[in-house]
Structure formats: structure tokens, C-alpha cells
Amino acid sequence: MNLFDIILLAIALAMDCFAVSIISGVITSSQSSVAQGFGTYKEIRMAFFFGFFQAMMPLVGWLCISHFQSMIEAFDHWIAFSLLLLIGGNMIREAFGPEEEQHFNPANLQTQLLLAIATSIDALAIGISFACTGYERLSQLGLPLIIIGVVSFMFSILGTSLGSRFGSAISRRLKPELFGGVILILIGVKILVSHLFGME
């Protein structure tokens with residue numbers, strides 16, 4: 001892969017992070033109790049988690065290629081789909097409950113970690129593809145992984161900023177938790193379908 005290919009790959013991987021970050025920004029702007037706890041530090045922390053896991057999952061896939069390739073390819077999409085379905089389903093359920101019972105909080109450390117892991121599991125396959133396209137040494141992976149991590153970090157910051165800025169207008173027209181839950185489930189379905197039908 002040349003540099004241009006790697007940048008395009010990084011942007012493609014960052015799209016799920018971007019979508020989830022927008023959702024998080026919208027939700028925090030619509031819930032005053034959440035917004036108070038979602039300052040710059042926690043926005044950066046969430047972006048860091050997205051960037052870190054998007055960069056580490058290809059490394060894990062590359063390291064495991066010789067021993068666990070068939071296992072990774074057989075189950076990674078089901079894990080990602082299940083996590084996103086669980087998170088999205090809970091958000092949809094909370095969207096129809098009383099406001100005081102809405103617990104989805106993008107500022108929460110556990111929530112951020114779970115979202116970062118769920119949206120990055122699909123990147124395991126990228127590590128497998130690296131191993132199949134001539135990346136034989138760990139030193140060769142340094143630049144691609146850094147680019148993937150940095151691009152995901154930047155898209156997450158951008159997504160949160162956009163969601164926060166336009167979240168109030170969006171929340172007046174629809175339930176942010178419902179919208180966010182549907183988006184997360186659709187991301188999970190996209191991951192599952194692309195693996196099952198070879199659409200990657």
C-alpha cells in the first residue's frame with residue numbers, strides 16, 4: 001500500500017468513529033446533566049480511545065494472523081454487531097422512557113471504552129490484510145497504524161464538535177437517543193453484512 005491508500009483506508013475506518021462522535025455530541029447538547037460532565041478533557045479522552053483502538057486492532061489482527069486467522073475472520077463481525085446492537089438497543093429503549101431514566105452518557109469512561117472497542121473490532125481484518133499484502137515486519141506497520149490512529153482521533157474530535165454545535169436544533173426535531181441507537185445498530189448491521197456477503 002502506498003501513502004495515499006493508507007490515508008484512504010484510515011478515513012474509511014474513521015467513519016464509524018465520526019458517526020458515533022456526532023451522536024455523542026448531539027446527546028450531550030440535548031441533556032444538560034450530561035453536558036455538564038462532557039468537557040474538553042472527556043471529548044479528547046473519547047477521541048483518544050477511538051484513535052487508540054482503531055490503531056491497535058489492525059496490529060492485533062496482524063500479530064494473530066498465523067495462529068488465529070480463521071477464528072478472527074469467523075467471529076469478529078459477530079462480536080462488533082452484538083456490542084453495537086446492545087448499546088443501540090438500550091439507547092432506543094431509553095428514548096421512550098422518562099427523561100430521568102435515560103442513562104446513556106457519552107462522558108462516562110466505561111461507555112467511551114465500550115464504544116471505542118465496538119467500532120474498532122472490524123479493523124482486525126485490516127491487520128490480516130496487512131499481513132497478506134507484504135507487511136512482514138512490525139516496523140513496517142508503524143506509519144500505517146499512526147495514520148489510522150491520528151485520522152480516527154481527528155474525525156472523532158470533529159464529530160463531537162459538529163454534534164455539540166448543531167445538537168440543540170436536532171434534538172428539537174427528534175429524540176437524540178432514538179436516532180443514535182438506530183445509527184449504532186445500522187453500523188453493526190453494515191459490519192455484519194459486509195463480512196457475511198464479502199462486501200468489504
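## A buried threonine

Threonine 119 is buried, with a relative accessible area of 3%. Please keep in mind that the model you are looking at is predicted. Threonine 119 sits in helix α5, which covers residues 109-120. What does threonine 119 touch, once its neighbours within four places in sequence are left aside? Its contacts are Asp16, Cys17, Val20, Phe50, Gln54 and Leu84.

Phenylalanine 50, one of those partners, has a contact list of its own. Not counting residues up to four places away in sequence, phenylalanine 50 touches Cys17, Val20, Ser21, Leu115, Ala116, Thr119, Ser152 and Ser156. Cys17 and Val20 are therefore contacts of threonine 119 and also of phenylalanine 50, where a contact means heavy atoms within 4.5 Å.

## The overall fold and its confidence

Stepping back, the protein chain has 8 helices and 0 strands. Along the sequence the pattern reads α-α-α-α-α-α-α-α. Among contacts with a separation of 6 or more, 89% are between residues 24 or more positions apart.

How confident is the predictor, and where is its confidence lowest and highest? The mean pLDDT of the protein chain is 79, and 76% of the residues reach 70 or more. Helix α2 (residues 32-35) has the lowest confidence, with a mean of 52, while α3 has the highest, at 91.

Of the 200 residues in the protein chain, 46% count as buried. The largest nonpolar core holds 37 residues, and Phe50, Phe130, Leu141 and Leu184 have the most contacts inside it. Two or more residues of this core come from each of α1, α3 (40-63), α4 (65-95), α5, α6 (124-132), α7 (142-173) and α8 (176-196). Helix α1 gives the most to this core, with 9 residues.

Alanine 14 belongs to helix α1. Is alanine 14 buried or exposed? Alanine 14 counts as buried because its relative accessibility is 0%, and the cut-off for buried is under 20%. With neighbours within four places in sequence set aside, alanine 14 is in contact with Val151, Ser152 and Phe155. Ser152 is also on the list of residues that phenylalanine 50 touches. In space, alanine 14 and serine 120 are 9.0 Å apart, C-alpha to C-alpha, although 106 residues separate them in sequence.

Glycine 127 is found in helix α6. Glycine 127 is buried too, with a relative accessible area of 0%. Leaving out residues up to four places away in sequence, glycine 127 touches Pro58, Gly61 and Trp62. The C-alpha atoms of glycine 127 and methionine 57 are separated by 7.2 Å, and these two residues are 70 residues apart along the chain.

## The surface

The accessible surface of the protein chain comes to about 10000 Å², and carbon and sulfur atoms account for 68% of it. A nonpolar surface patch of about 620 Å² is formed by Leu3, Phe4, Ile7, Leu8, Ile11, Met15 and Leu143.

Which helix gives the most to the nonpolar patch? Helix α1 (residues 3-30) does, with 6 residues. Leucine 3, a member of the patch, lies in helix α1. Why does leucine 3 count as partly exposed? Its relative accessibility is 47%, and partly exposed residues fall between the 20% limit for buried and the 50% limit for exposed.

Conventions
Residues numbered from 1 in each chain as written. Predicted model: local features only at pLDDT ≥ 70, side-chain atom pairs only at ≥ 80, totals over all residues. Heavy atoms only, no water. Helix = DSSP H or I, 4+ residues; strand = E, 2+ residues; numbered from the N terminus. Buried < 20%, exposed > 50% of the residue type's maximum accessible area, 1.4 Å probe, protein only. Areas by Shrake-Rupley, 256 points an atom, 1.4 Å probe, with all protein chains shown as cover. Patch = residues over 30% accessible without salt bridge, like charges linked within 9 Å, V, L, I, M, F, W, Y side chains within 5 Å. Salt bridge = Lys/Arg side-chain N within 4 Å of Asp/Glu carboxyl O. Core = buried A, V, L, I, M, F, W, Y, C linked by side-chain atoms within 4.5 Å. pLDDT = per-residue confidence, 0-100.
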